[in-house]
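Hi everyone, thanks for coming. I'd like to walk you through a structure this morning, so please have a look at it first.

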Amino acid sequence: MPYLVAPEEVEPVVRGLLGVIDVDGGPTDEQLEVLWSVTDHLWKRADLRTAGLAPMGPDALAAAVVDERARRRFHLIMVTLELCRHPLTPAQVERAEAFATALGLTGSDLGIMRDWIDGGVARAMEDWKRCFGAQVVANSEVALRPEPGSDGDAWTPQDADPVLTARLDELHGLPEGSLGWAYLEFYRRNGIDVPGSTSGSLMQAVSVSHDMNHVIAGYEPTGQGEIALGAFQMAMADTEENLVSFLGNLLIHEAGVLDPGGFTPKSASLQRPGAIELLGEALDRGARCRADFTHVDHLAMSAWSLEEVREEFGVVPVTVVA
């Protein structure tokens, strides 16, 4: 079953998503292209693009789609489309809230959108920290996670960590083509400091895991690459930690609303050439994986060849260039 939406539910889900974005004179071109990319890549229903589907309202969708897993999938794509409207408008937020209410869906992401519209970026950022701080810390590399009961504050700048740097430097001794070698090459290629090597950075343990996931999934640390990685992870496993990664990437790189420090917020990354197709393919690639590698002990696997790691989890190659 592709991403937990049964074949007979795909059409009403798509009609509901068309209803979500039918505000302020109609959907934007970006919203439509994202929707059709998801429909094509994830649900294999390219025919729906030209089917002349009528938008479906909240109550009609609630009657047509009763499976809770399908409703949760709808919610995830709905939030993605919501963040693809530039600028985000009160009408768009209200429409998304109406669908969430009809489907019995709740989530802190809805509150963040509402507070962004009503109170501005600073208020949205504070809500993000309060609601999702624990899940952000839970995305730390397994061998580097804070001790149980420790503060684990994700938002406090950290001092340089020579112990961590030395541990990562040991990966230089691994063979070319290994996961550890590819991980260090990722930093070299993109001009990024290795976690622990500088003061003032955030979430060093989270960064190790996040960047290992970049390497395994095959996405570069661009705006569109970050969004694709988050989508890939959500499709691999619908967990709160993966949801936080995907929403955070959208809010930083598509909406440009989050600035947790250490990042450069961007807007409309999905408008870059190939980015929307990259997102659609990422959802499909993630859904095809045999298991979720997000929270495995990457450092313990660092001597494996990258090819072996990808084979273990069923990671198929990226084909879209963006």
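This is a predicted model: local features need pLDDT of at least 70, side-chain atom pairs count only at pLDDT 80 or more; totals for chains, interfaces and linings use all residues.

Residues are numbered from 1 along each chain as its sequence is written, and side-chain values use heavy atoms, with hydrogens and water left out.

Let's start with the helices, which are DSSP runs of H or I of at least four residues, numbered from the N terminus. Helix α1 (residues 7-20) and helix α2 (residues 29-41) have axes that come within 11 Å and cross at roughly 170 degrees. Those axes are lines fitted to C-alpha atoms over the stretch in contact, with angles running from 0 to 180 degrees between N-to-C directions. α1 and α2 are therefore roughly antiparallel, a label for angles over 145 degrees. On the α1 side, V14, L17 and L18 make the contact, and α2 brings L32, L35, W36 and T39; contact means heavy atoms within 4.5 Å. These residues divide into six nonpolar, one polar and no charged. Here Ala, Val, Leu, Ile, Met, Phe, Trp, Tyr, Cys and Pro count as nonpolar, Asp, Glu, Lys and Arg as charged, and the others, Gly among them, as polar.

Next, what lines the largest cavity? Its lining is V38, I77, T80, F246, L279 and L283, and the elements giving two or more residues are α4 (68-83) and α13 (275-287). A cavity is a set of points on a 1 Å grid over the protein atoms alone where a 1.4 Å probe fits but cannot get out, and lining residues have an atom within 4 Å of a point.

F99 lies in helix α5 (residues 90-103), so the pair ties together parts 25 residues apart in sequence.

Finally, the loops. Between α4 and α5 sits P87, and the peptide bond from H86 to P87 is cis, with omega near -5 degrees. In the loop between α1 and α2 we find D24, which has a positive phi of about 50 degrees although it is not a glycine.

Definitions and conventions: Angles under 35 degrees count as roughly parallel, over 145 as roughly antiparallel, 65 to 115 as roughly perpendicular and the rest as oblique. On a 1 Å grid over the protein atoms alone, a cavity is a set of points where a 1.4 Å probe fits but cannot get out, and a pocket is an open set with protein on both sides within 12 Å along at least five of seven lines; lining residues have an atom within 4 Å of a point.
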